[in-house]
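Visitor: Could you walk me through how to read side-chain pairings in a model like this one? I would like the general idea and then the case at hand.

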Amino acid sequence: MIQTQIGELIVGAYLRVINDCELVSYNQRSKEAGRQMELDVLGVKSTNGEQTVYACEVVTHIRGSLYSGSPDEEGWWSKYGNESYQHSLERMFHKFEEDYDLVTDVFDDAEEYRFQFWSPYVSEGHLTDGLEEMTQQFESDYDESIELVINGEYNNRVSELRERASETKKSFDEPAFRFFQILAHMREE
């Protein structure tokens, strides 16, 4: 069993509290034998009989890099920096391809799919440029976009979550949100 990481809990709290998802699931795996894919955070929101499915990949490395390693194959990512950057881009792209297959299969009648990549600190330059191309390539291949919630946008969303935590004492059964509530509601004496 995979333990849910704190960065995934933050994203799940955002989906539940800010985006009003009724269902939030972590480290969702395909039940298909032989598929080792894993979706970090899945959120489902139903409004007036219409369903929006959120598929979120989360990397909470705070040193600016995503993954270390070498790319397995040649692809559009080969022009972006060193092998580690290329491997990160290749890995992220393939994760989103797997996410697409999973959510469009399991939630085949959803009206909307929202793919998001969350990371608090991504090095500017080759990596951010590569992520931008990744979103364009994914949209071209799948007719769906990937929203990049990185750097400043990540900070904005966490700030929004912390502000909401300071405004309510209601429990949302999301550990990261509860942590923000505790910090916001501590007594001085």
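**Salt bridges and cysteines**

Guide: Let us start with R157, which is buried at a relative accessible area of 10%. Keep in mind that this is a predicted model.

Visitor: Which residue forms a salt bridge with R157?

Guide: The partner is E153, with the closest N and O atoms 2.9 Å apart. Both sit in helix α4, 4 residues apart, so about one helical turn separates them. E153 is partly exposed, with a relative accessible area of 31%.

Visitor: Which residues are linked in a network of salt bridges?

Guide: R114, E147, E153 and R157 are. Within it, the side chains of R114 and E147 meet at 3.2 Å, N to O. R114 belongs to strand β4 (residues 112-119) and E147 to strand β5 (residues 146-150), so this pair ties together parts 33 residues apart in sequence. R114 is partly exposed at 28% relative accessibility, and E147 is partly exposed at 24%.

Visitor: How many salt bridges does the structure hold?

Guide: There are 6. One of them joins E174 and R16, whose closest N and O atoms are 3.0 Å apart. This pair links distant parts of the chain, 158 residues apart: R16 is in helix α1 (residues 6-18), E174 in the loop between α4 (152-167) and α5 (175-184). E174 is buried, with a relative accessible area of 5%.

Visitor: And how many disulfides are there?

Guide: A disulfide needs two cysteine sulfur atoms within 2.5 Å, and the count here is 0. For C21, the nearest cysteine sulfur is that of C56, 8.1 Å away. C21 is buried at 3% relative accessibility, and C56 is buried at 0%.

Note on methods. Residues are numbered from 1 along each chain as its sequence is written. This is a predicted model: local features need pLDDT of at least 70, side-chain atom pairs count only at pLDDT 80 or more; totals for chains, interfaces and linings use all residues. Side-chain values use heavy atoms; hydrogens and water are left out. Buried means under 20% relative accessible area, exposed over 50%, partly exposed in between (1.4 Å probe, protein chains only). A salt bridge is a side-chain nitrogen of Lys or Arg within 4 Å of a carboxyl oxygen of Asp or Glu. Helices (H or I, at least four residues) and strands (E, at least two) are DSSP runs, numbered from the N terminus.
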